[in-house]
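Please look at the sequence and the 3D structure below before reading on.

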Amino acid sequence: MTSIIFPGRFESLAEIAEHVRKEAKAAGLSFMETFELETAVDEAVSNIIEHAYGGEGIGDIVYTCRQIKDGVQIILEDHGQPFDPSCVPTPDLDAQLKNRKNHGLGYFLMCQLMDNVHFEFTENANRLTLTKRKK
Amino acid sequence: MEITNTQFKHCNVVKVTGRVDSATSPQLAETIKRINDSGRFKIVMDFSELEFISSAGLRVLIAGIKNCRRYNRGDLVLAAMPENIHAVFDLAGFTSIFKIYDDVLTAVGSF
């Protein structure tokens, strides 16, 4: 299990993605599964910076990767505002271009691409666990 | 991420290499805005070297296509999209919004 603290800045995204790809490779995930995990983690980290912290440079993100029997778990912890997934509207994917609203698209992608998305909120931290299993 | 913008007679070809995420998407937005500000609204996005795009990048493309298509003055089309990137567009419901061409030459020829 590896834990790394990243500054809550968008420039951390590329470095986090490198770690995700390395762990996915070690777990034997396919190219597409790796890409899906990278996408979900990117969306999750971006949401933490944008919504939990409300901007860049406000707080850190603790990234932990755990190899599981048939895949990988990525755990992201922050100390920002707790996130209520039930408040995120499902994007209308059939909406015409002029009516297209893309709020909630990142969370939607995260849920679609992962086998499991789990939020935990304690007094001190928010913890998001993303699980990706090999097909 | 690297962006090259090549101006042709009928359209601009914007080649995006690498990652489009929350850190880099403002640069892509700025490129599209500069093209539009110069009075040009026909754009081909060359995605042949695109490795990754997040929802932040997708939002930039939606804003771009809306502005290009306004008053029926142009379009923003996509070309040479890798399979994994196409899968994300499909999941987000974007494949019915954008015209997607197999190669850049065909996309340029569509204008």
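The points below are grouped by topic.

This is a predicted model, in which local features need pLDDT of at least 70, side-chain atom pairs count only at pLDDT 80 or more, and totals for chains, interfaces and linings use all residues. Residues are numbered from 1 along each chain as its sequence is written, chains are lettered from A and ligands numbered from 1 in the order in which they are written, and side-chain values use heavy atoms, with hydrogens and water left out.

**The interface of chain B and chain A**

- Chain A puts 26 residues into the contact and chain B puts in 23 residues, where contact means heavy atoms within 4.5 Å.
- The size of an interface is often given as the accessible area lost when the parts come together.
- Here the area buried between the two chains is about 2000 Å², and carbon and sulfur atoms give 66% of that area; buried area is the accessible area (1.4 Å probe) that two parts lose on being put together, summed over both.
- The rule finds 4 residue pairs in polar contact across this interface, both residues being at pLDDT 80 or more. A polar contact is a pair of N or O atoms within 3.5 Å; within protein, one must be able to donate a hydrogen and the other to accept it, and residues adjacent in sequence count only if both atoms are side-chain atoms.
- On chain B, strand S4 (50-53), helix H2 (55-69) and helix H3 (83-91) each supply at least two residues of the side that touches chain A. Helices (H or I, at least four residues) and strands (E, at least two) are DSSP runs, numbered from the N terminus.
- H2(B) gives the most to that side, with 7 residues.

**Helix H2 of chain A**

- Helix H2 of chain A (residues 31-52) has 22 residues and reaches 30 Å from its first C-alpha to its last, close to the 32 Å expected at 1.5 Å a residue. The expected span is 1.5 Å times one less than the number of residues.
- H2(A) is largely enclosed by the rest of the structure, because 18 of its 22 residues are buried. Buried means under 20% relative accessible area, exposed over 50%, and partly exposed in between (1.4 Å probe, protein chains only).
- Just after H2(A), A:Gly54 takes a positive phi of about 75°.

**Salt bridges**

- Side chains of opposite charge can pair when their charged atoms come close.
- Over all chains the structure holds 12 salt bridges, a salt bridge being a side-chain nitrogen of Lys or Arg within 4 Å of a carboxyl oxygen of Asp or Glu.
- A:Glu38 forms a salt bridge with A:Arg21, with the closest N and O atoms 3.1 Å apart. A:Glu38 lies in helix H2 of chain A and A:Arg21 in helix H1 (residues 12-27) of chain A, so this pair ties together parts that are 17 residues apart in sequence.
- A:Glu38 is buried, at 7% relative accessible area, whereas A:Arg21 is partly exposed, at 35%.
- The count between chain B and chain A is 2 salt bridges. In a salt bridge of A:Glu38 with B:Arg19, the closest N and O atoms are 2.7 Å apart.
- B:Arg19 counts as buried, at 11% relative accessibility.
- A network of salt bridges links A:Arg21, A:Glu38, A:Asp42, B:Arg19 and B:Asp21.
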